[in-house]
Amino acid sequence: MGMELTKEKIVLKVCINCQKCKRDLLRVVTKFTGIDEIAVDIEKGTLTVVGTVDPACLTKKIRKSGKMAEIISVGPPKPPEKKEPSKTEPKPLPACCNNCQVAVGAAFISNENIFCSIL
């Protein structure tokens, strides 16, 4: 007899400093099957996933990608509620942050050729 998977709402504490952090996080999470909904709250630093996904497996995959992840809560999803459009725009994230930038060394120019040294 197989184990019945139930839909759960998983809330994780994650570190999202820039657009690249958010994109990398979503790239890892969207590879999972059984996800119905994904929400990222930049202000609170949380990732909410609704679906039939194992919370421990999800957290482990995010950590393997180099991102910090910690389970805040796991429980049944709330029924969808009707909400009015938000009056405040979320603040935009920078394109990249210090945590995910590649350090670029000096560029060398010699006879019209440009060489770049990436550290």
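A residue is called buried when its relative accessible area is under 20%, exposed when it is over 50%, and partly exposed in between (1.4 Å probe, protein chains only). This is a predicted model, in which local features need pLDDT of at least 70 and side-chain atom pairs count only at pLDDT 80 or more, while totals for chains, interfaces and linings use all residues. Residues are numbered from 1 along each chain as its sequence is written, and side-chain values use heavy atoms, with hydrogens and water left out.

In helix 1, which spans residues 19-29, the buried residues are Cys21, Asp24, Leu25, Val28 and Val29. Seen down the helix axis, these buried residues fall within an arc of 130 degrees, so they line one face of helix 1.

A salt bridge here is a side-chain nitrogen of Lys or Arg within 4 Å of a carboxyl oxygen of Asp or Glu, and a search of the whole structure finds three. Lys20, partly exposed at 25% relative accessible area, forms one with Asp24, their closest N and O atoms being 2.9 Å apart. Asp24, buried at 18% relative accessibility, also meets the side chain of Arg27 in a salt bridge (3.4 Å, N to O). Through shared partners, Lys20, Asp24 and Arg27 are joined into one network.

Asp36 forms a salt bridge with Lys7, with 2.8 Å between the closest N and O atoms. This pair links distant parts of the chain, since Asp36 lies in strand 2 and Lys7 in the segment before strand 1, 29 residues apart.

Key: Helices (H or I, at least four residues) and strands (E, at least two) are DSSP runs, numbered from the N terminus. The arc is that of the directions from the helix axis to the C-beta atoms.
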